[in-house]
Amino acid sequence: MSEKKTAGQQRYDELSYEKKNYYETASEAERKAMYDYAEGYKRFLDDAKTEREACAAAVAMAIQKGFTAYRLGDPLSPGDKKYFVNRGKSVVVFRVGTKNLEEDGMRLIAAHIDAPRVDIKQNPLYEEAGMCFLKTHYYGGIKKYQWTAIPLALHGAVVLKDGRKVEIKIGERPEDPVFYIDDLLPHLGAEQMAQNAAKLIEGEQLNVVVGALPYADKEVSKKIKLTVLNYLNQTYGMCEEDFLSSELSAVPAYPARDVGFDRALIGAYGHDDRVCAYPALTAVLEGETEHTVLAMLVDKEEIGSEGTTGMQCKVYEDLMEEIALACGANFRKVRAASKCLSSDVTAAYDPNFAGVYEKLNAAFVSCGTCMSKFTGARGKSGSNDASAEFVGEVRAMFAREGVVWQTAELGKVDAGGGGTVAKFLANLNIDTVDLGVPVISMHAPWEVISKADLYSNYKAFLAFIK
Ligand code: MN
Ligand code: MN
């Protein structure tokens, strides 16, 4: 027995807007597809904890799909499937389409593959009180106290005195040792706990414990340090001076896991922004398209997109120009006709911290990938504010393709804010809007996302390149 809706209620349903939980509207087959897709994503997360590893993992996936290496200046023709690696730390996976490039432009999806972490200093090693430590300088915006008393793995590369490069990855296999940053016991923590949270653990207290076994020689004064140096020398051919030309990072040592009895969520280190990079990559690898499409997986977003591997580097523009040239197209016309989804995460509404959100314009977990017309802080400052026209175009495309999505701002007005790479692409005269997955506990060593939102993001990218 269903009660008939009143005319007013029907009219309200027609005219009003409310976001919906994707899990509620998905068919059983679609829910299964969400969970299946998440399995590949979790493997990617575990393989790709640093930008170097994410780049290598993306290249391996591209090769499997028949993509081949591209260098600036190589000839290109319609139908080509290529990947362009920039210094081993960023990668653009792209397909040359059959459509007229000057009229159709490029479809760009930009995401970043660096994540907040604790980097090892250039002269890091010291011994004190029966332990050996590595000094660190954190990377990106972290709550420093969250990085203590958890198992850490060391990842990175060292260029040795003789010029050879060795890759280090220790702490990920079950048989590996792990590392950790110590914290104070609560019994002696009264003074610490009275501090402002930013001062609970100071930057110079983020020291990583890496050893405690004295070298068996009475004459040596730094016995534990020698044990560590000896290990590094025998395993990697390193001496202490080689830290000078190293890039080593301490990252959480645990793998991605399902969260909750129903497994609807995924907890992991580094969802920001692999939860957008992986769908961008898989969409370009697998999607059907006649457009020229690029998945741009870039580095250094967490520290301002600077340097040779960050989005502000000219190399990405050079690559796009080379593609245009190879297709005999005017690059300025190509840029003007191009469209970009700048894909980065946003803050999911967290009921335990409701005060920093404005509910009507907050992203909710499982309501789909989230469009942010603008980002920025203090009156949209520093933001690419996408036009209503471009948002309308993307919205119509999502409606056509049945993409479940939502829109939000990052927190309530003046509560804080944040930026993305969107403005750097928009500055090239390319219509750009932010679209990415809502995250709980963003920038913590354990972030949480919904499988529904991950899958929605993937579907949005498939629609965008179709
Ligand atoms: Mn991000
Ligand atoms: Mn971030």
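**Charges over rings**

I started with Arg335, which sits over the face of Phe331. Its distance from the ring centre is 5.0 Å. I note here that the model is a predicted one. Next I looked up Arg31. Arg31 lies over the face of Tyr35, 4.6 Å from the ring centre.

**Aromatic pairs**

I then turned to ring pairs. How many aromatic pairs are there? The count comes to 15.

I took Phe44 and Tyr278 as one case. Their ring centres are 5.3 Å apart, with the planes at 40°. Planes under 30 degrees apart would be stacked and those over 60 edge-to-face, so this pair is tilted. I checked where the two residues sit. Phe44 belongs to helix α3, residues 28-47. Tyr278 belongs to helix α8, residues 271-286. The pair links distant parts of the chain, 234 residues apart.

The cut-off for buried is under 20%.

I went on to Tyr70 and Phe84. Here the ring centres are 6.3 Å apart and the planes stand at 65°, so I logged the pair as edge-to-face. Tyr70 is in the loop between β1 (68-69) and β2 (81-86). Phe84 is in strand β2. They are 14 residues apart. For Tyr70 I found a relative accessible area of 3%, which means buried. Phe84 also counts as buried, with 7% relative accessibility.

I also looked for a grouping of rings. Tyr37, Tyr41, Phe44, Tyr278, Tyr455 and Tyr458 form one aromatic cluster. The tilted pair of Phe44 and Tyr278 is thus part of that cluster.

**Manganese site**

Which protein atoms are its donors? I found Asp272 (OD), Glu302 (OE), Glu302 (OE) and His443 (NE2).

The manganese ion (ligand 1) is 3.3 Å from the manganese ion (ligand 2). Asp272 coordinates both.

Asp272 is in helix α8. Glu302 is in the loop between β14 (292-298) and α9 (315-326). The two are 30 residues apart and link distant parts of the chain. Both Asp272 and Glu302 are buried.

Definitions and conventions:
Residues are numbered from 1 along each chain as its sequence is written. Chains are lettered from A and ligands numbered from 1 in the order in which they are written. This is a predicted model: local features need pLDDT of at least 70, side-chain atom pairs count only at pLDDT 80 or more; totals for chains, interfaces and linings use all residues. Side-chain values use heavy atoms; hydrogens and water are left out. Rings of Phe, Tyr and Trp (its six-membered ring) pair if their centres lie within 6.5 Å; planes under 30 degrees apart count as stacked, over 60 as edge-to-face and the rest as tilted. Helices (H or I, at least four residues) and strands (E, at least two) are DSSP runs, numbered from the N terminus. Buried means under 20% relative accessible area, exposed over 50%, partly exposed in between (1.4 Å probe, protein chains only). A charge sits over a ring if NZ of Lys or CZ of Arg is within 6 Å of the ring centre and within 35 degrees of the ring normal. Donors are N, O and S atoms within 2.8 Å of the metal (3.2 Å for Na, K and Ca); water is not among the atoms, so sites may look incomplete.
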